[in-house]
Every structure is written in C-alpha cells, then in structure tokens.
Amino acid sequence: YMGSLSKMFRNQYDNDITTWSPQGRIHQVEYAMEAVKQGTACVGVKNKTHAVVAALKRSPSELSGYQKKVFPIDDHIGMAMSGLTSDARSLCRFMRSECLGQKWAFSEPLPVYRLVASVASKMQRCTQFWGRRPFGVGVLIAGFDEKGPHVYSIDPSSNFYDCKSMAIGARSQSAKTYLERHVDEIPQTEDLTQLALHALRALRDCLPSDTELSTRNCTVCVVGADTPFVAYEDEKMTPFIKALESEAAPMASS
C-alpha cells in the first residue's frame, strides 16, 4: 500500500510541463529526452576545416524504406536527428526559414551560433507554457562559418553545446567512448575520408550485435571550407563502407 501511495505522489508531478517535482525536476522534459535515447544514433566530428555528421537510418519493417535522419538547411549548415522525425521536420522548416530570412535581409549566410540559439529558444518556449509539449527530438547541427567548422548538440531541454565531437541516440554511449578515446586525434585528421571514417567507426559501435553498417542504413554528411553541405547516401556510401570493411578484414584474419 505504501509503495503504491508513493508512486501516486510521484506521478502527480508529470501531468503537464509547468509542474515542478519536489526534487526540482520537470518530468515531461525528462520523458522527451528519453525519446531521444530511443532514436537512431547520430555522430558528429570536426577537424580544423570541416564538420562531418554520420547517422543511422531505421526501417520500420521489411516492407518499407529507410527513414531519412539528415536534413540540409542551407549551403553551410545541415542537421541530423534522433527521436521523433516529425518534430525534426518542424524544426528543419524553422531553420530553413531563419537562414532564408538572413540571406534576404543581409545577403550573407546566417552564423551557425545564431541559428542554434534561435532553435534553442523555440524549443525552450515549449518547456515553459502550459498546453504544449517539449520537442521529442535531439539534434546535431553541422555547419561552417567565418569562425570555422562547428558541431552543435541540442536536446529537448533546449540546452545546446558546441562540441569537439558528439553522439546522440540509442546506444550512443558506445560511440562517445570511441570519440573520447580519439578526442585528440580527430581534430588533427586532415584527410576528409579519414574524418568520415572516425564518425562511422563510432556509429558502428552503436549497432546491435546482429547488424552491420551498409550503404542502405547510414548516411554521411560533410560541410566545410569550400565544401557546401553534401549528404552521401545509398551507392555514394560505397567507398566509405568498403574502407571500413578493408580495416575489419585484417583484424578478422588475425
């Protein structure tokens, strides 16, 4: 009886977004962050000139295609997401509108930090007013501006971070372990293919044991100095997958 009573009192604080629990927590925001942890993994890395994002794609069934997890925003910015894809599309439309407004008004691209701050402000409003719910999506934003390449992470609590590298989504802790182990090596990687392979190796660690990376289930995106945002999907992923397989072959034979 006491256990059920305790549970009842605990659950009365998660009915809406404006109610604080006695422990200083907002449960609805925490639930939204759990949705991100159940989404497909995304990894972002950068060196001195480029930012790379790699994302897994998930197929709901054998009868359907793979759902896109990466969205171009502007020539110098793109995003990868984990969580509710419909929420990500809404944020994507907002970001494209912001970039278009900057170009129309000032004839120059929107700085990456200003776009990230605008998105975070939009997401924060959903955590403060009754009648809304938080966005159930985590976002990795890769961009390049006059300050260099950037990888930003935004979570449903509207906190955002400028990252050396980052991973979000299901089993992302395995990818973070890889990124932390190579935190000094990745920024010094000058070859763009090797930088992408770092992201794919980290992404591979997020896969279930019975799944392998293939040209169908992952995407790599690149943006940087003299490189507009470009996404490699399907057959364009073949060189990256073959490079990964060639690394794995000597290990298997040994």
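For my lining tallies, Ala, Val, Leu, Ile, Met, Phe, Trp, Tyr, Cys and Pro go down as nonpolar, Asp, Glu, Lys and Arg as charged, and the others, Gly among them, as polar.

This is a predicted model, where local features need pLDDT of at least 70 and side-chain atom pairs 80 or more, while totals for chains, interfaces and linings use all residues. I number residues from 1 along each chain as its sequence is written, and side-chain values use heavy atoms, with hydrogens and water left out.

I looked up the largest pocket and noted a volume of about 300 Å³. Its lining has 18 residues, with V36, A167, I168, G169 and K176 closest to the centre. By class I get nine nonpolar, five polar and four charged residues there.

(My pocket is an open set of points on a 1 Å grid over the protein atoms alone, where a 1.4 Å probe fits, with protein on both sides within 12 Å along at least five of seven lines; lining residues have an atom within 4 Å of a point. Volume is the space filled by probe spheres set on the points, which are joined across faces, edges and corners.)

The second largest pocket came out at about 240 Å³. I count 14 lining residues, and K57, R58, L207, P208 and T211 lie nearest the centre. That lining splits into seven nonpolar, four polar and three charged residues.

**Charge over a ring**

I also checked K122: its charged end sits over the ring of F94, 5.0 Å from the ring centre. (The cut-offs are NZ of Lys or CZ of Arg within 6 Å of the centre and within 35 degrees of the ring normal.)
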